Amino acid sequence: MTNASLIDFTLYLADSTLVLGQRNGDWCGHGPVLEQDIAITNVTLDLIGQSRSFYQYAAKLIGNGCTEDQLAYWRNEREFKNALLCERPNGDWAQTILRQTFFSFYQRELFTQLLHGADTTLSAIAEKSLKEVRYHCRWSSEWVCRLGDGTQESHERMLAAVENLWPYVGELFEPAPYEKALQIDTDAIKINWMDAISALFAEATLPPASLTTTFMQTGGKNGQHTEALGYLLAELQYVQRSYPGCEW
Amino acid sequence: MKALVTDPNEIQECYALLATIHDPEIPVLSILDLGIVRNIELLHSLQTEGHIRVTITATYTGCPAMDTIAALIRMELLKKGYKTIEIISAIAPAWTTDWMSQEGKEKLKAYGIAPPDKRFAIPVDGIECPQCGSSNTRLLSEFGSTACKSLLQCNNCAEPFDYFKCH
C-alpha cells in the first residue's frame, strides 16, 4: 500500500460526501414538508461531518501544513475525485431521494468493508459514520417505496429518476487504481448493493434494473466529471476564493 | 510521552468544572451527562506549568456544537489558570448513547425530551411521552430538530416531543 493511494482514496471519500452534502443542502428551506426539509438537511449535516473527518485525515497524510479547508476550497474540478452520482443535479424530490438511496446503500457496503481494513483511521471513521448511514438508508429507501408504490404521478417520477441516475451507478463498482492498491473489493460491494436495490425496487413496484444493459458513465473517481460539478464548486468555493483565508 | 501527573483531587476538580458546561443545543445536559468528555490528563499541575489535555468525542460527525463546546472547555480551563490546554477530538471509539449518564436521561425527560431507550433502537410509534407518560404516541419524523433526535407526537395529550435516538 502506498501513501499516495491512501491519500487518493481518502480524498475520494471526502469529495464524494462533500459534493453530495452540498447538493442536498440546496433543499434547505425548500423541502416538500417541514419534517422532510429537516430530514434531508440532517442527512446533509452527517455527510459534511463525514467529509470533514476524511479531509482532516487526508490533510494529515499529506502533511506540510495542509488543512481540511485547503483541500475542500482550493482544489479544482479536475482534482476532485467524487463519484459522478454525487454531483448529479437535485431534480425533483424523487431524484434527490433516489440519489441518496443509491449512495447510502453504497456507503453501507463500502464502510462495512473498511471496518475490517488495514487502516485504523479509516476504520474508525467508517465505524462512526455507519451509525449515521444506517439512518440514511432507512429514511431514503422508505421514500423510494412511498413514491414508487404511490400515485401514478409519483410512480412516473420515480421511474424518470431511475432512468436519469442509473447510468451513474456503475462507476461505484469500477475500481480506481487507488482502490485496487488498497484492495477494496468492489465486486463484493456490487453484489450486495445490487441485491439490496433489487429487493427495494421490487417492494417499490419499480421494474428490475440491470447493471449490464446500460452504458455506464465513469471518470469521476479520476477527476473527469460531468459539467454539473464546475457550477457546484464555483458556488461552494466562492467565498474562500474571493477572500482567501476568511473566517467567521 | 511525558509522564502524567496523578493528582486525583486536581483532576476531580477539572471534572467538576466541566460539569458546569452545557450542550449549547440541549442546555439541560452537561457535557459530562452526554458522555462526550472521554478523558482528562494532567501533564503539569496547576502549581507548576499548568498543562492539561482533554479528550472529547463528537456525538454525530457533523455535530455543529463541537467547536463551541471545545471553546467553552478552553475558556473554563483558562479561567482556572491552566496555561497549556490541549483539546483532542477523538473519533474512536465511536460515541454511543450508552455513555449518557442516568442522571442525564432523567434531566432530558424532565426537560420534555424522551431519553434514549434500548427498547426503541429504531424510532417507532409508542415511545413514551415525556409529558404525560402515555405510550399512545406516533412517530412524525425520524429526524428532528438536531441530528440526535426524532420527532413524535402524543395521541393522548397531543404534545409533540423529541426522542433522543439510540446511537
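Two strands are taken to pair if DSSP finds at least two bridges between them, strands (E, at least two residues) being DSSP runs numbered from the N terminus. By this criterion, strand E6 (residues 149-154) and strand E7 (residues 160-164) of chain B pair in the antiparallel sense over five bridges. Within this pairing, Leu152(B) has Phe161(B) of E7(B) as its bridge partner. The model is predicted: local features need pLDDT of at least 70, side-chain atom pairs count only at pLDDT 80 or more, and totals for chains, interfaces and linings use all residues. Residues are numbered from 1 along each chain as its sequence is written, while chains are lettered from A and ligands numbered from 1 in the order in which they are written.

In chain B, an open sheet of four strands has the order E4-E7-E6-E5, with mixed pairing.

The domain assignment divides chain B into domain 1 (8-95) and domain 2 (99-164), the bounds coming from an automatic or database domain assignment. The C-alpha centres of these two domains of chain B lie 27 Å apart. Contact (C-beta atoms, placed from the backbone, within 7 Å) involves twelve residues of domain 1 and eleven residues of domain 2 of chain B. The side of domain 1 that touches domain 2 in chain B has seven nonpolar, three polar and two charged residues, where Ala, Val, Leu, Ile, Met, Phe, Trp, Tyr, Cys and Pro count as nonpolar, Asp, Glu, Lys and Arg as charged, and the others, Gly among them, as polar.

Between the chains, 15 residues from chain B and 19 residues from chain A take part in the contact. The side of chain B that touches chain A has nine nonpolar residues, five polar and one charged.

Conventions. Contact = placed C-beta atoms within 7 Å.
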